[in-house]
Amino acid sequence: MEKTYTLSDTLNREQKEAVLHTEGPLLILAGAGTGKTRVLTNRIAWLIEQGVSPRHILAITFTNKAADEMRERVGRLVGAGSDQIWVSTFHSSCARILRRYADRIGYQNNFSIYDTDDSKSVIKEIIKKWNLDTKVYKDRTFLAKISSFKNHLVDTEDCMELAGSDVDEIMTARVYKEYEAQLKKSNAMDFDDLLLNTVRLFQTDAQVLEQYQERFRYIHIDEYQDTNKVQFVFVRLLAAKYHNLCVVGDDDQSIYRFRGADISNILDFEKYFPEAKTIRLEQNYRSTSNILDAANAVIANNRARKKKHLWTDQGTGEKIACYSAQTAYDEAEHIIEDIRKKMRTEGRKYSDFAILYRTNAQSRIFEEKCIGANIPYQLIGGVNFYARKEIKDMLAYLKTINNGMDDIAARRIINVPKRGIGQASIDKIAQHAFENDITFFDAAVRADQIVGLQRAAARIASFTEPFFKWRSCLDYLKLSEIFDDILETTGYRAELEAEQTEEAAERLQNLEELRNKIVSYEESAETPTLNGFLQEVALVAEIDSLESHSDYVVLMTLHGAKGLEFPVVYISGMEEGVFPGMLAIYSGDEGEIEEERRLCYVGITRAREELMLSWSRLRMVRGEQMYQKTSRFLEEIPKELFQPGAFEHQEKKRISFEDNSYTDAKASFASNAFAGMKKASAFTKAPLDYTTGDRVSHMKFGPGTVTAIQDGGRDYEVTVDFDRFGVKHMFAGFAKLKKQE
DNA sequence: TACTGGATTATTTTT
DNA sequence: TAATCCAGTA
């Protein structure tokens with residue numbers, strides 16, 4: 001008992017309340033940095049302390065990394081037994097359940113897990129097979145729609161019904177149906193299927209459901225604001241028996257609407273569980289008040305949210321820095337320079353810094369600058385390790401060994417490395433497989449019986465034959481040994497070695513790294529299997545690779561930063577069209593802008609002590625230079641929170657492409673930005689209807705006289721002497737000057 | 001069958 | 001800009 005006391009002593013009143021409320025549904029509204037992880041870990045520890053078996057506790061986290069951390073922290077609190085708790089992500093949990101029971105819903109338990117690339121390949125095949133016009137029907141669109149259907153528990157039948165008589169919708173429904181058929185035939189599930197099929201399993205098999213309800217009597221869901229419909233149903237089913245469901249979330253940090261996250265899950269929690277208790281955590285232990293005030297000011301502009309008051313007693317701290325750059329290059333340089341300066345003057349470590357940006361495409365410049373400045377950095381996101389060609393190739397071999405029905409995997413590697421099997425042959429095999437309703441691999445095995453393939457048969461056999469050997473070796477050879485044999489037997493390694501290029505060397509190195517991962521899996525798993533390895537690999541997130549104990553500057557997207565914190569945070573690209581992104585602006589949907597604003601809130605609240613916001617006037621967007629206005633989010637932060645002088649300096653540098661008024665109506669702001677962007681990107685120098693000496697008028701600055709016009713390449717740079725505001729330089733495309741008659 | 005080069009087109013964010 | 005696609009050639 002006394003152990004529990006010390007444990008609760010480190011908690012504030014609300015936190016303690018949340019820890020002690022163990023029976024019945026509980027909603028913890030935990031603002032950024034209010035110690036929700038501490039509450040969760042202490043709560044789990046308390047449960048165990050109360051005699052609840054660790055076996056009966058389930059905790060769903062957002063990433064594998066968060067799961068590991070939580071398990072470790074609970075372990076430190078309670079000692080032995082913590083390894084019995086299920087702590088994992090939604091996807092891993094479902095995969096684990098399905099590995100046992102997928103056969104009850106018509107799959108084999110060794111099913112493959114398709115990543116987005118694989119799914120895309122399936123869609124592409126369908127589009128090709130049906131000769132659809134690729135101008136009209138995009139794989140991306142189908143994929144997004146199918147994913148959305150699955151997240152909303154809409155099956156192919158429902159989908160067809162919903163489509164009504166709309167031609168495009170009917171086509172989508174047909175593609176969806178075919179896609180499902182393909183995956184089923186390949187004994188494969190995509191990411192969404194993991195959840196959907198678990199729900200189906202629970203709904204069709206009362207015995208299995210009951211078993212897991214009994215097992216998970218105490219359920220915890222972290223980042224609840226980012227759950228979608230299927231996840232909600234999954235949770236509801238599991239909790240239906242004991243009702244001991246504790247969810248933690250912050251509606252202001254919901255940033256995954258695009259993948260189906262349904263904010264009403266958290267907003268309406270009390271509706272679904274009328275007996276629910278709600279506890280709000282509002283004391284922030286992370287940031288200084290300047291940072292917190294900025295975050296609060298930004299998020300206050302959102303309408304769809306629960307009002308809350310986050311506060312801190314960490315002191316006011318440093319004011320917020322900002323930097324207005326000419327180019328993205330300049331911006332990166334300044335940030336890197338700032339890091340170096342702080343390393344010298346404040347005695348910081350590299351790992352104190354995080355550079356955040358809206359899109360992965362922005363990362364490259366920072367990478368370059370870090371290399372140039374000799375700063376060790378860790379890039380999170382971008383090209384996933386497991387998405388690299390050589391990795392996917394080798395995994396496809398492993399998948400084909402594991403699940404011969406996996407057509408996507410088999411097709412991927414039938415001619416990799418080159419075996420002289422061309423598209424024509426591959427199509428014939430696929431055709432034969434289709435006609436005889438067998439798998440692609442099996443069709444390849446009997447290539448010698450397929451009309452027109454006799455000549456290629458030997459080459460195809462050289463592909464299929466080794467698989468029989470590998471499959472029979474599975475029981476007595478180690479995974480890593482089979483891996484080595486694949487590299488040798490297929491000549492994959494030899495082919496790369498022969499290339500003698502830097503790129504090939506890098507690929508070889510990546511393969512070595514993959515081998516290391518196999519070895520470490522073999523060492524850590526209690527019963528290592530090929531199946532298990534493939535599952536683990538399919539569900540790792542980029543963020544899982546973040547090494548929090550080593551000394552690196554971290555580069556990542558704002559999304560990636562969720563749940564993390566850093567002493568010093570840089571948020572770059574604070575420009576309309578970048579952040580908020582142009583899709584959000586174009587959509588005209590205020591909800592989209594609000595999502596971006598939440599993302600901004602998440603970004604700001606990552607900072608503990610120092611925050612710098614930066615933007616660039618000029619930015620290269622898909623090969624085109626674009627001039628953009630500063631982000632509206634910047635305007636939403638009270639000026640007095642910024643470092644004194646920071647803005648005067650900006651004003652000068654910013655000249656006046658289009659003024660950003662702090663007082664002006666926000667509404668016109670958005671439409672201006674839109675107009676400006678469109679001009680900057682879409683047009684090439686419309687002829688001007690005024691010349692030097694003409695009287696013109698500007699929307700904001702009023703009347704003035706044109707004193708100079710300079711051809712700036714893409715646009716004219718116009719100098720105007722305004723009657724009331726003095727001389728300003730501006731680009732004609734932005735200024736929208738009207739000639740006065 | 002494999003490779004080259006020109007054309008085309010795409011852009012959030014991630015399990 | 002960068003990745004992907006397609007047509008024509010070896």
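## The second largest pocket

Ala, Val, Leu, Ile, Met, Phe, Trp, Tyr, Cys and Pro count as nonpolar; Asp, Glu, Lys and Arg count as charged; the others, Gly among them, count as polar. With those classes, the lining of the second largest pocket divides into nine nonpolar, three polar and seven charged residues. The model is a predicted one.

This pocket has a volume of about 450 Å³. It is lined by 19 residues, and Glu125, Lys129, Gln182, Arg411 and Ala430 are the closest to its centre.

## Cavities

Rolling a probe the size of a water molecule over the atoms shows where empty space is left. Here the count comes to six cavities of 30 Å³ or more.

The second largest cavity holds about 50 Å³ of space. Its lining is made of Arg99, Phe111, Ser112, Ile113, Lys399, Asn402, Leu534, Gln535 and Ala538. By class, that is four nonpolar, three polar and two charged residues. Which elements each supply at least two residues of this lining? They are β4 (112-114), α18 and α26 (530-538). Helix α26 gives the most, with three residues.

In soluble globular proteins, nonpolar side chains tend to be buried together. The largest nonpolar core in this model has 50 residues. Met394, Leu395, Leu398, Leu514 and Phe533 touch the most other members. Helix α18 (residues 389-402) provides the largest share of this core, seven residues.

Take Leu398 as an example. Leaving aside residues up to four places away in sequence, Leu398 touches Ile486, Ile518, Leu530, Phe533 and Leu534. A second, separate core has 46 residues, including Leu27, Ile219, Leu238 and Ala239.

## Threonine 439

Thr439 sits in the loop between α20 and α21 (440-445). Is Thr439 buried or exposed? Its relative accessibility is 11%. Buried means under 20%, so Thr439 counts as buried.

What does Thr439 touch, not counting residues up to four places away in sequence? Its contacts are Gly404, Met405, Asp407 and Ala433.

How values were computed. Residues numbered from 1 in each chain as written. Chains lettered and ligands numbered in written order. Predicted model: local features only at pLDDT ≥ 70, side-chain atom pairs only at ≥ 80, totals over all residues. Heavy atoms only, no water. 1 Å grid on protein atoms, 1.4 Å probe; cavity = no way out; pocket = protein on both sides within 12 Å on 5 of 7 lines; lining within 4 Å. Points joined across faces, edges and corners; volume = space filled by probe spheres on them. Core = buried A, V, L, I, M, F, W, Y, C linked by side-chain atoms within 4.5 Å. Buried < 20%, exposed > 50% of the residue type's maximum accessible area, 1.4 Å probe, protein only. Helix = DSSP H or I, 4+ residues; strand = E, 2+ residues; numbered from the N terminus. Contact = heavy atoms within 4.5 Å.
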